[in-house]
Structures are given as structure tokens and as C-alpha cells.
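Hi everyone, thanks for coming. Let me put the sequence and the model up on the screen, and then we can walk through a few helix pairs and the ligand together.

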Amino acid sequence: MKTVSLPDGTAVPQLGFGTWRMGEVASEASREIAAVGRALDLGMTLIDTAEMYGEGGAEEIVGKALAGRRDEAFIVSKVYPHNATRQGVIDACERSLWRLGTDRIDLYLLHWPGSTPIAETISGFQQLVADGMILRWGVSNFDTADMKEMWQAPGGSACATNQILYNITRRGPEYDLLPWMKGRSLPAMAYSPLEQGRRVGHLELDPVAQRHGVTAAQIMLAWVLRRDDLIAIPKASHPEHITANHDAARLELDEDDLAALDRAFPPPSSKQPLGIL
Ligand SMILES: NC(=O)c1ccc[n+]([C@@H]2O[C@H](COP(=O)([O-])OP(=O)(O)OC[C@H]3O[C@@H](n4cnc5c(N)ncnc54)[C@H](OP(=O)(O)O)[C@@H]3O)[C@@H](O)[C@H]2O)c1
């Protein structure tokens, strides 16, 4: 599994695993716990979750899947913007730790920009780092202007990542956000890399998929993973999807593939506001 270095030098797998929509239906729990376990077995050990997912249900699924193997995983969780005051992030993190059944979160993100000044949220994150409850922090759904403001806030340049909507049908961040982040050695985390399974424009993906003998979804994932400054966190609950995504990380797209995909899904030629799902 290829790795990506965070700004503090920690290497994380380039292909992680998402958990949105898990922990919502009790009868699905054992299948979802098994899915997270399978991802770990295959080396997709960066597990992304949030207090929002299933209102804590997804964190409980992750906690159960990690029982006895916490040290194998790199846990990413997120705090709601309405909990992002200095004391609010500390209280929310305590609840997340309890649901996750662990004493530390590896990377804790502000889920999207809210009304609390970012400097105050950062101050809460700094306290959590000092107390060992989180090892590092970052943000999510921050567009370029949000990132610039955050970077100038006290302690803002300690941010470890920005988790954003990015896939072959959502190339807007290539115009200014990804270059801005790359210039600061800040990797991005691409969420919904499969466009939530909708595979918009799959007809255009099919010729490339056929050339490699793989599916359109695998081409979408390999395309995101072509960049060494990106971590992808596809969600999958079906075992065959988890295996397919793992295999996609070994696919190498050549210049002809990339040119064909650029024609079908052109890169941005002007600023586009960051999308959010
Ligand atoms: N920060 C944020 O605001 C934010 C927003 C959205 C998502 N996220 C994170 O990013 C993760 C991924 O995004 P997402 O869940 O929105 O969408 P996604 O990963 O793009 O797509 C997930 C969907 O694709 C299906 N799928 C997975 N692998 C497949 C394959 N190889 N072939 C065909 N279908 C496949 C899954 O089906 P099955 O489950 O049935 O296998 C599921 O329906 C989330 O789970 C969450 O952790 C963060």
C-alpha cells in the first residue's frame, strides 16, 4: 500500500476507508463491523468517521471493529461545527473517544466551517493535543479562502489536512485549492471518491476500464490515487467492493488513459466553489 506523509512526517496509507451511512441500522451492524475489519486486513487502515455519522453509531461500529487491534488503525473523526467552541470540541472529543473505545484519535477534523471563530476551535484542538486525546488536527470542506484565513490564525499552520469532495466528476479543487495546499506540503483527503456510487459519466470511463479489465469504479479510484498528495477514503460495505477498491490502488493509469479521461472530464479552467455533500 502506498503511503502519504502528513506534515509531521507520519506516513498514512494512501487508500483509507469511509464509514458514512454506517451505524444507522441495527440489523446492519455485524456486516458493517466485518467491513471495517476487512479493510484493516487489507491494509486500508486509515478509518474515517465522524460524530455526525449515525449520530455516533458509525464511531461505535469502528470501535467494535477495532477491539483488540486499535494499534493497527489510524482513526480520523470529526466534530460538528455547532460543537466547535473551545470547550465544545473537548466535550465532543470525550464522547467520540468513549464510542470508539480508545484513548486517542489520530486525526480530529472540524467537519465544515461554522460560526465559531476558527482561532477558538484551534485553541480547543491544541488543548486536546496537549492532553493526548488527539494526536493532530485538521479541517474539512474548507475552500481556499477558508484555508488562508485558518492558516493565519494562531497555531493554524499546524493543520494536518483538509478533507474535501474530490473525484473525477468534481475537479474544481485542482484550480487553486490543491495547488495552495501542495505549496504548504499539506495533503488533501478526497471524500466521495466514487461520487457515492453514482459513477456519473460511466460511459466515458468504460473504454479505459475495459483496457485494464476492471470496473469504472476502480478507474475512478485509481484516478484519484494518481496524485501523491491525496489520500482517498472510499466507503464500501460489500466485501467485493472492499476488495475491488484495494485492487484499484495497484492500478497504474498511463498517459493515454489520463488524456482520454481529461477529454471526458476536463480539468477546471476557472475558480469553482468547493462542492460539499
Ligand atoms: N467530510 C465530509 O463532509 C464528508 C462528506 C462525505 C463523505 N465523507 C467521508 O468519505 C467517505 C466516502 O464517501 P461516500 O461514502 O460519500 O461515497 P463514496 O465512497 O464515493 O461511495 C460509496 C458508495 O459506493 C459504493 N462502492 C464502494 N466501492 C465500490 C466499488 N468498487 N464498485 C461499485 N460501488 C462501490 C458503496 O457501496 P456499498 O457500501 O454497498 O459497498 C457506496 O454505496 C464517507 O464514508 C465518509 O467517511 C466525508
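Let's start with this contact: E204, P207 and V208 in α7 meet D257, A260, L261 and A264 in α10; two residues are in contact here if their C-beta atoms, placed from the backbone, lie within 7 Å. By class, that contact holds five nonpolar, no polar and two charged residues. Ala, Val, Leu, Ile, Met, Phe, Trp, Tyr, Cys and Pro count as nonpolar, Asp, Glu, Lys and Arg as charged, and the others, Gly among them, as polar.

Some housekeeping before I go on. This is a predicted model, where local features need pLDDT of at least 70 and side-chain atom pairs count only at pLDDT 80 or more, while totals for chains, interfaces and linings use all residues. Residues are numbered from 1 along each chain as its sequence is written. Helices (H or I, at least four residues) and strands (E, at least two) are DSSP runs, numbered from the N terminus.

On confidence, pLDDT is the predictor's own figure for each residue, from 0 to 100. The protein chain has a mean of 97, with 99% of its residues at 70 or more.

Axes are lines fitted to C-alpha atoms, for helices over the stretch in contact, and angles run from 0 to 180 degrees between N-to-C directions. Under 35 degrees counts as roughly parallel, over 145 as roughly antiparallel, 65 to 115 as roughly perpendicular and the rest as oblique.

Next, helix α2 (residues 57-65) and helix α3 (residues 86-100) pack at about 45°, their axes 7 Å apart, and are therefore oblique to each other. Here E59, E60, V62 and G63 in α2 meet S96, R99 and L100 in α3. This contact has two nonpolar, two polar and three charged residues.

Helix α8 (residues 216-224) and helix α9 (residues 239-248) also pack at about 45°, with axes 9 Å apart. A217, Q218, L221 and A222 in α8 meet A244, N245, D247 and A248 in α9.

And what surrounds the ligand? There are 27 residues, the closest being G18, W20, L194, G197 and K235; a residue counts if its C-beta atom, placed from the backbone, lies within 6 Å. This shell divides into 10 nonpolar, 14 polar and three charged residues. Helix α9 gives the most to it, with three residues.
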